[in-house]
Amino acid sequence: MNTEHWLMAQELRWRSAACAVWIWLLTFLVTAGFLFTWLLPPYNIFILYDFFVLLFAFRSWFLAFCIACLCVLYVKINKDTYSVNNGMKSTRIDMLLKHVRPKSIAYTLSHAFVGTCIAFLISNFVPTRFTHISTLCNSLPESNSCFNESCFIFHLFGFVVGSVSFILREENRESTLFFPPVQQGRFLSVKCHLTNLMLKSASVCAKILAYFLLVYYLVGFLGRNFLATLLGFPLCAGHIISLWNLFDLVPLAWSLWLSGTFVLLLQNLTWHLFNVYLTQIFPFPMDSVFPEDVPKLLTTNLNNSQPTVVQHMAFQYLSYISQFSASKRKQIFMLGSESGSGKLFKWEVIADECISRISTLTKKLKDYQQGISFTGDAKRSSSKSSSTSSQSSASLNSGSQSVLSVSMLRRRPLASDSNRNPNMSYFEVSSLDTSYAPPSQLNTSALLNGSLAVPTPKLWTKQARKNQANVSTSVYGSSTTQDQDDEASYETFKGQLKKLGARLLQSVRGISVVSYFITELPDRKAGNIFADHQIYRWSIQSISFLTAASITEDDYGFVQRRLHEVLGALLDLLSVLEKNCKLSVTSSSPAVLSLLRQQHSLKAETKSAIHRITNSFARHLDSIAVSAEHRRRLTSFLEQRE
């Protein structure tokens, strides 16, 4: 990520600092609420008295201050690990390698360290069995103290919650910035989402706790024995995690669930505030008289050369001013600054960027749909290849009249022509029009591979004898021919090596275990198309609102010159989205399903954009030069049939 960009070095740094201050203050309130819940055992009838005594103790304030500082560390980790693009790894091997990278391991251990520290601070608010690593042991008369397994489990669960939560966030793409359509204040946003964050933290912690107790029951004694031996404490008799010890297991599970929920709540609350701060609208300047301010202009920060977060913030501001700021729209429709080629129009730059983004999405969808149709056709043709190949060879050998157009044949220079019949010529038919050819006369699998050759008599050449060529060749010509032969032999050897490498690679990929890991998952491949759905949506909104407002605000008529391009791009996108929405893609990943749902919202946004333009221009659009298919769709929009 390019940290040298002026927006990231100045604005985003201050936003991260403001988020750290807010979460530092908010942690004290969350900690007070947690302490009240921590003192809720049924046998404690003096809960209010104990709570106020604990609330006004210096020890509690110091521990809360340490927890708040750890939450500031969460802000630092979020700043280093956040992403803007929702793209996912499409193969299983990439998904595995993503979590074993040194950077990912370092951040996972950082989250685990913070979770362990928070668990340690929680255990010191009130002296309990989770406070000290050693405890009195009456079962061993030769020793007064032994290893406290409850304290070990409590801190180990904090470590597990911190690490597992980070892995789950990366897998579910929850560390990706979400730009809300309606900007909310910080206090109002926290107030509205606090209940959902608490319920989410509690449910995730319950799932982690269930797996943690099961794994600890099976292999937890290994870590317990190692740490007890390292510290020199003997072990107590019996096991805490056991079905025969429910009286100790239920209070332990309750304490673990509360502490884990508190750790997850602090993580989710920190990320929510971080997302609120970083996704606030930044007012880019539209024009400036100072040359050094050119990199800060809105039109400069829309292109692909800028960092991803800068592009998102620029398109977000463009969408905002196109809807709610008439003065900014007026500046877009005016002449821009001087350049080497004359006057620059802000509308031209903005229209180029928006139409380019829309066309990119359209091309991705078309390529994906063509890939699916080609795969389906190949599967159907491969199932019939055995029967059609025999029929095709029989028809070719019998010399029957072919329906293939000879004028479309292209000569294919083959190195193996000399080994075949010298009086025959061979042509490749990869581009033949076979729509009128009966299936009985065509080898479908060979046509798909482009390897079918049609022999025809060579009526214009004769075979030259090798000895005649050698006699007529001079001494210099023989040396030149030798060099050419050596070069041809080298090229042939090089081509054979490439073919051998391709065959080896194909054979390795054919292994079931290897293909399982390197094959692209269809659901993730389909979801990655909408990884930049925020920019696509803002592009559709911006170009439609600006076009609709141009009928009354565009004094120079800039927009009307490219009205056909805008309508053509939107109509093309709508048609491919309608086809793509009919394709069935199943997935169990919440992140993939969230991306796949974006195609329906983009389809609705595209329809709204076309309606916005047609309602503004009405029958004036009849004079726009568009294709017949676009004219038909445009007429249906004008007549309110869609």
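1. Helix α5 covers residues 102–123 and helix α8 residues 246–278, and they pack at about 130 degrees with axes 10 Å apart. That makes α5 oblique to α8 (under 35 degrees is roughly parallel, over 145 roughly antiparallel, 65 to 115 roughly perpendicular, and the rest oblique). Axes here are lines fitted to C-alpha atoms, for helices over the stretch in contact, with angles running from 0 to 180 degrees between N-to-C directions. On the α5 side you'll find His111, Gly115, Ile118 and Ile122, which meet Ser259, Phe262, Val263, Leu266 and Gln267 of α8 (contact means heavy atoms within 4.5 Å).

2. A word on the model before going further: it is predicted, with local features needing pLDDT of at least 70 and side-chain atom pairs counting only at pLDDT 80 or more, while totals for chains, interfaces and linings use all residues. Residues are numbered from 1 along each chain as its sequence is written, and side-chain values use heavy atoms, leaving out hydrogens and water.

3. Now the overall picture. The protein chain has 22 helices and seven strands (DSSP runs numbered from the N terminus: H or I of at least four residues for helices, E of at least two for strands). Of its 642 residues, 42% count as buried (buried is under 20% relative accessible area, exposed over 50%, partly exposed in between, with a 1.4 Å probe and protein chains only). Among contacts with a separation of 6 or more, 78% are between residues 24 or more positions apart.

4. Next, have a look at α6 (residues 149–171) and α7 (residues 186–231), whose axes are 9 Å apart at an angle of about 130 degrees. That makes α6 oblique to α7, and their crossing is right-handed. Residues of α6 at this meeting include Phe152, Leu156 and Val160, while those of α7 include Ile208, Phe212 and Tyr216.

5. Leaving aside residues up to four places away in sequence, Ile67 touches Thr27, Thr31, Leu121, Phe125, Phe262 and Leu266. Its C-alpha atom is 8.3 Å from that of Cys117, 50 residues away along the chain.

6. On to aromatic rings: there are 25 aromatic pairs (rings of Phe, Tyr and Trp, using the six-membered ring of Trp, with centres within 6.5 Å; planes under 30 degrees apart are stacked, over 60 edge-to-face, the rest tilted). Phe147 and Phe152 form a tilted one, 5.9 Å centre to centre with 55 degrees between the planes, and both residues are buried. Phe345 and Phe558 are also a tilted pair, because their planes are at 35 degrees, with ring centres 4.4 Å apart. Phe345 is in strand β4 (residues 342–345) and Phe558 in the loop between α18 (533–553) and α19 (563–581), so this pair ties together parts 213 residues apart in sequence. Phe558 is buried, at 6% relative accessible area. Elsewhere, Phe34, Trp38, Phe130, Phe154 and Phe262 make up one aromatic cluster.

7. Finally, charges over rings (NZ of Lys or CZ of Arg within 6 Å of the ring centre and within 35 degrees of the ring normal). The charged end of Lys296 sits over Trp6, 5.6 Å from the ring centre. Arg612 lies over the face of Phe545, 3.9 Å from the ring centre.

Note on methods: Left-handed = near helix turned anticlockwise from the far one by under 90°.
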